[in-house]
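Trainee: Please walk me through a chain, feature by feature.

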Amino acid sequence: ADAYRQDRLRARRRGGSGDPTGGRITLAEWWTLWMTSRQIRPSTRARDISYARTWLIPSLGDRPLCDLRPSDVSTWLARLTAAGLAPRTVREHRSTLASLLRAAVVEGLLDTNPAAGVKAPAVPHVEARFLTPDELARLESAMEWWWGLVVPFLADTGLRLGELAGLRVEDVDVLRGRVRVVRTVSNVTKSVSGASAHRQLHEPKTVAGRRVVPTLTRSTGERVAAMIGERGLQPGDWLFGGKRGAPMDPEVWRARVWRPAVRAAELADPLPTPHALRHTAVALWIAAGITEPLKLARWAGHSSISITYGTYGHLLPDDADPTRDALERIRASAARPSEGQIRRLGS
């Protein structure tokens, strides 16, 4: 037992690697090596760099990997919660740290992942924000005239804001009311310092994100066609670009266009984000009679039908009358016991 203990202590001191100094590498040093080798989407890289710059590196960056314990991870998560971060955001931070340390185990720098058994706070269910027809009209009226058409367009199609920013004129078939989603836009940060954030155009995050949405209404389609003509847009131009033809930047648009319009429209709390138009679109599809979850998931670009159920399941019809009627017919068709059988069962 003593020999085993000494062996385990030696393994811990070297971080589980063949190199006695392997486990002494700091978390910040390993983060840099790990991020260099990862093959991930630009938006995922930007998110993880943001997490590292804000919380991970300042709190744990100077710690040697082999000195990290589950209690350190728990304390760090508690600190994030105390700072006011939402439970979902805390869970995402924990996931990023766990991935970082799991890669260190694979590399042989650690024997075990100290974040593996540490749980993040549970994420409470938050009801999606839907806009009423009156709110949609007020929001469009309050928005700067150049961008007003974005409101009915997103309320029809349910596109994410990044997908809207990636649309070209050639992606919209106004005659058939179809919108093709083949690219999206995100703001990417290349370094932990955060000094090189820029607009990045790339393919949708999942295969399901690449889709055709056939829900553009005739009235909105006519307005889109008129806008294309008035602005002299060509097939390869951005559908919703700036006044000078510059591509739409989602973050800048949120700050300079969306938020002032929401305030001016005096919408009720909770104040909606652009994503509320996506929720509204799906709710309108359901209200229009599209109740097949698979179709809803395909149009919304959900990678799993469980996402559709989790967000919009309560809006789907739950009429059990047909089921009850069918059960009644099945039971009625069964052979009923005779009076003699009933008397014998009773005795």
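**Reading the features**

Mentor: The second largest pocket has a volume of about 300 Å³. Note that this is a predicted model: local features need pLDDT of at least 70, side-chain atom pairs count only at pLDDT 80 or more, and totals for chains, interfaces and linings use all residues. Residues are numbered from 1 along each chain as its sequence is written, and side-chain values use heavy atoms, with hydrogens and water left out.

Trainee: What counts as a pocket?
Mentor: Rolling a probe the size of a water molecule over the atoms shows where empty space is left. Here a 1.4 Å probe is used on a 1 Å grid over the protein atoms alone; a pocket is an open set of points with protein on both sides within 12 Å along at least five of seven lines. The volume is the space filled by probe spheres set on the points, which are joined across faces, edges and corners.

Trainee: Which residues line the second largest pocket closest to its centre?
Mentor: Trp147, Gly242, Val252, Arg256 and Val257, out of 13 lining residues. A lining residue has an atom within 4 Å of a point. The lining divides into 7 nonpolar, 1 polar and 5 charged residues. Ala, Val, Leu, Ile, Met, Phe, Trp, Tyr, Cys and Pro count as nonpolar, Asp, Glu, Lys and Arg as charged, and the others, Gly among them, as polar.

Trainee: How many helices and strands does the chain have?
Mentor: The chain has 15 helices and 5 strands. Both are DSSP runs numbered from the N terminus: helices are H or I with at least four residues, strands E with at least two.

Trainee: What is the strand order in the open sheet?
Mentor: Strands pair if DSSP finds at least two bridges between them. The order is β1-β2-β5, with antiparallel pairing. β1 (172-173) and β5 (211-213) stand at the edges with a single partner strand each, so one side of each has no neighbour in the sheet. β1 and β2 pair over 2 bridges, and aspartate 173 has arginine 178 as its bridge partner. These two strands form a hairpin with 4 residues between them. In its turn, glycine 177 has a positive phi of about 65°. β2 (residues 178-181) pairs with β5 over 3 bridges; valine 179 stands opposite valine 213. Val179 and Val181 form the covered face of β2, Arg178 and Arg180 the uncovered one.

Trainee: What span does helix α5 reach?
Mentor: The expected span is 1.5 Å times one less than the number of residues. α5 (residues 87-107) has 21 residues and reaches 30 Å from its first C-alpha to its last, close to the 30 Å expected. Its buried residues (under 20% relative accessible area, 1.4 Å probe, protein chains only) include Val90, His93 and Leu97. They pack against α2 (27-37), α3 (42-60) and α4 (70-82). Glycine 108 follows α5, with a positive phi near 90°.

Trainee: Is isoleucine 290 buried or partly exposed?
Mentor: Exposed is over 50%, and partly exposed lies between that and buried. Isoleucine 290 has 22% relative accessibility, so it counts as partly exposed. Its place is the loop between α11 (275-287) and α12 (293-300).

Definitions and conventions. Contact = heavy atoms within 4.5 Å.
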